Amino acid sequence: MEEKSKLRYTEIDGVETTDIENFPYSAIKALGAVQIGLGVTCLVLGLLDVFLYLFMDDDQLATAGDSTLMTLTIASSPIWCGLWFGVTGCMAACMNKRNKSNLYYFKMTFLVLSILCSALFAPVCFIINIAMAILRHELEPTSYRWMVPILVAFFAFNELVFAIASASICCCCAPIRTTQVRVIVARQVDNSNGASGTKKYPDSMDIFTVTDRYGRPLMQKPGSSIARSEMIELRD
């Protein structure tokens, strides 16, 4: 009886995790925690400033002809900027090894928010509160109310520094390359003995290609754990 044989193909897809394992989780989380703390501090000081201005200041001083001070105080820049600082830090806090599939998106979100903090929100908060401190000190020289916006400006400057550091680390020191690996294994089998008695030939081949997320071929790293294909010994 003539034996019938055919090739059976097995296709395996995977993702190389070398860059993900080397990702600086601790540094990113530490920067995120600092940004959350700075955001909460600015938010609390902003609420305190608005409360003191509305309920504690003398009516004559609150309406002493300086509409700029009133506008800047009611605008509550520390509150809105503090919320942005906190959200930025939360993006870093969400990064962990258990959630590798979304690590790239959290990293890019944290990078964009940090850039916006360093280019827009932190400088605006710093400049506005410095102006408020100067106006308050000129309006009430004997009062210490100007210390509140000075503190907000101080924390906003710190946020500017940490936002620049966060963006630099995300951009230069924490690369994530989503390398996809596809392995195709072809085995020759003999179905002459039926489904239960399938005979396997030792001749087999494995073909693997490595591509990035855009489908372009990449050079494989020597010793890469997932890109290395091992031959399986098949018995007759």
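Biologist: Is S77 buried or exposed, and why?

Modeller: Start with the general idea. Buried means under 20% relative accessible area, exposed over 50%, and partly exposed in between, using a 1.4 Å probe and protein chains only. S77 has 7% relative accessibility, so S77 counts as buried. Bear in mind that this is a predicted model, where local features need pLDDT of at least 70, side-chain atom pairs count only at pLDDT 80 or more, and totals for chains, interfaces and linings use all residues. Residues are numbered from 1 along each chain as its sequence is written, and side-chain values use heavy atoms, with hydrogens and water left out.

Biologist: Where is S77 found, and which residues does S77 touch?

Modeller: Helices (H or I, at least four residues) and strands (E, at least two) are DSSP runs, numbered from the N terminus. S77 sits in helix α5, residues 77–93. Contact means heavy atoms within 4.5 Å. Setting aside residues up to four places away in sequence, S77 touches G82, C125, I128 and N129.

Biologist: What about Q35: buried or exposed?

Modeller: Q35 lies in helix α2, residues 25–56. With 0% relative accessibility, Q35 counts as buried.

Biologist: Which side chain makes a polar contact with that of Q35?

Modeller: A polar contact is a pair of N or O atoms within 3.5 Å; within protein, one must be able to donate a hydrogen and the other to accept it, and residues adjacent in sequence count only if both atoms are side-chain atoms. Here the partner is the side chain of E159, at 3.1 Å. Beyond four places in sequence, the contacts of Q35 also include F85, F110 and S166.

Biologist: How many helices and strands are in the protein chain?

Modeller: The chain holds 7 helices and 3 strands. From the N terminus, the order is β-α-α-α-α-α-α-α-β-β. Of its 236 residues, 33% count as buried. Among contacts with a separation of 6 or more, 77% join residues 24 or more positions apart.

Biologist: Where is confidence lowest, and where is it highest?

Modeller: pLDDT is the predictor's confidence in each residue, from 0 to 100. The protein chain averages 75, and 59% of the residues score at least 70. Confidence is highest in α5, at 94, and lowest in strand β3 (residues 199–211), at a mean of 48. Over residues 200–208, pLDDT stays under 50, and the model has 33 contacts there beyond four places in sequence. Residues 221–236 also have pLDDT below 50, with 25 contacts beyond near neighbours in sequence. Where pLDDT is low, the predicted coordinates should not be read in detail.
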